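Have the structure open and follow along.

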Amino acid sequence: MFDVSLYEKHRGKKDGITVLDSIDSTNAYAVMNSLPPFSCVTAETQTAGRGRSGRKWHSSKGENLYFSIVLHGLDVPKLLPMNIFAGYILADTLSPYADVKVKWPNDLTVNGRKMAGILMETSFSGGVLEKAVLGIGLNVNTTDFPEEIKDIATSLKRETGQTFSREEVLASFMNNLESRYDDFLNGSVDIAKLWSFYSAFLDKKISIHKDGVKTIYTEKGIDGFGCLRAVNAEGRLETIVTGDIGYDICR
Ligand code: BTN
């Protein structure tokens with residue numbers, strides 16, 4: 001069972017955490033309910049965990065972290081940078097334990113396998129961004145993955161052989177995020193530089209799938225808006241913006 005008191009002790013902050021046994025999606029819960037900034041909703045399992053591009057996020061019970069944090073102060077241009085920033089904070093939190101890398105825009109991988117995914121969801125009122133929710137699924141202690149993802153997914157335990165306290169991992173992520181969030185909001189964080197610390201493919205060949213077409217590029221980091229910079233086969237630098245872009249390792 002998820003131990004909230006440990007989490008609160010680590011964090012030492014008054015902001016709330018909601019721990020649910022089972023929910024369709026912590027993101028859906030955080031978007032639908034009125035919660036103060038930095039509220040965190042976590043669940044032992046999700047029955048309809050959402051991934052990017054309409055995919056499902058596998059949410060086995062009691063082993064991993066599925067959580068959503070309500071963020072304040074963001075506007076639309078900051079959403080993609082926030083994705084990048086969150087990926088960096090997560091990578092930085094986990095780097096003492098595993099050789100974590102980020103894959104644009106915000107997958108976390110270890111040894112080429114996905115360990116965590118990030119999905120930001122928003123609600124708008126009258127064309128104005130009303131709420132932004134940062135949703136993270138992190139494979140902590142799963143070693144038995146479903147057949148369809150067993151070759152492409154990993155967990156902290158699978159990589160290290162150790163069992164991790166989910167409360168401690170969540171608390172240290174939250175502490176890292178909160179302590180650097182104001183710097184992010186006021187623009188004093190250089191996300192392009194942060195990206196380069198953990199990028200899996202900087203200066204390496206990648207393939208990008210867009211509208212059913214696969215193109216080979218060499219990754220050249222990101223720009224200040226969080227867009228991917230990549231050189232195509234003709235040597236021309238392109239900026240890849242977010243959208244329904246698939247992106248995978250060039251094999
Ligand atoms: C991805 O496709 O890589 C993003 C996965 C994000 C999954 C997390 S789990 C907690 C939160 N609630 C959801 O329904 N999705 C996110």
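## A covered helix

Helix α3 is mostly covered, with 15 of its 16 residues buried. In this predicted model, α3 takes in residues 79-94. From the first C-alpha to the last, helix α3 reaches 23 Å, which is close to the 22 Å expected at 1.5 Å a residue.

An α-helix has 3.6 residues a turn, so residues three or four places apart point the same way.

## Around the ligand

Now move over to the ligand. Which of the 20 residues around the ligand come nearest? They are S25, Q46, R50, R52 and K114.

R50 places a polar backbone atom 2.7 Å from an oxygen atom of the ligand. R52 also uses its backbone, where a polar atom is 2.6 Å from a ligand oxygen. With K114 the side chain takes part: one of its polar atoms lies 2.5 Å from an oxygen atom of the ligand. As for cover, the ligand on its own has 420 Å² of accessible area, and the protein covers 99% of it.

## Who builds the shell

Several elements give two or more residues to the shell around the ligand: α2 (26-32), β3 (65-71), β6 (113-125) and β7 (128-138). Strand β6 supplies the largest share, four residues.

What is the make-up of the shell by class? Ten of its residues are polar, six are nonpolar and four are charged.

## Cysteines

If you are wondering about disulfides, a search of the whole structure finds zero. C40 counts as buried because its relative accessibility is 0%, and the cut-off for buried is under 20%. C227 has a relative accessible area of 9%, so C227 is buried as well.

## An asparagine in a loop

Finish at N139, which sits in the loop between β7 and α4 (156-160). Is N139 buried or exposed? N139 is buried, because its relative accessible area is 7%, and buried means under 20%.

Notes: Residues are numbered from 1 along each chain as its sequence is written. This is a predicted model: local features need pLDDT of at least 70, side-chain atom pairs count only at pLDDT 80 or more; totals for chains, interfaces and linings use all residues. Side-chain values use heavy atoms; hydrogens and water are left out. A residue is near a molecule or strand if one of its heavy atoms lies within 4 Å of it. A polar contact is a pair of N or O atoms within 3.5 Å; within protein, one must be able to donate a hydrogen and the other to accept it, and residues adjacent in sequence count only if both atoms are side-chain atoms. Accessible areas come from the Shrake-Rupley method with a 1.4 Å probe; for residues, only the protein chains shown count as cover. Ala, Val, Leu, Ile, Met, Phe, Trp, Tyr, Cys and Pro count as nonpolar, Asp, Glu, Lys and Arg as charged, and the others, Gly among them, as polar. The expected span of a helix is 1.5 Å times one less than its number of residues. Buried means under 20% relative accessible area, exposed over 50%, partly exposed in between (1.4 Å probe, protein chains only). A disulfide is a pair of cysteine sulfur atoms within 2.5 Å.
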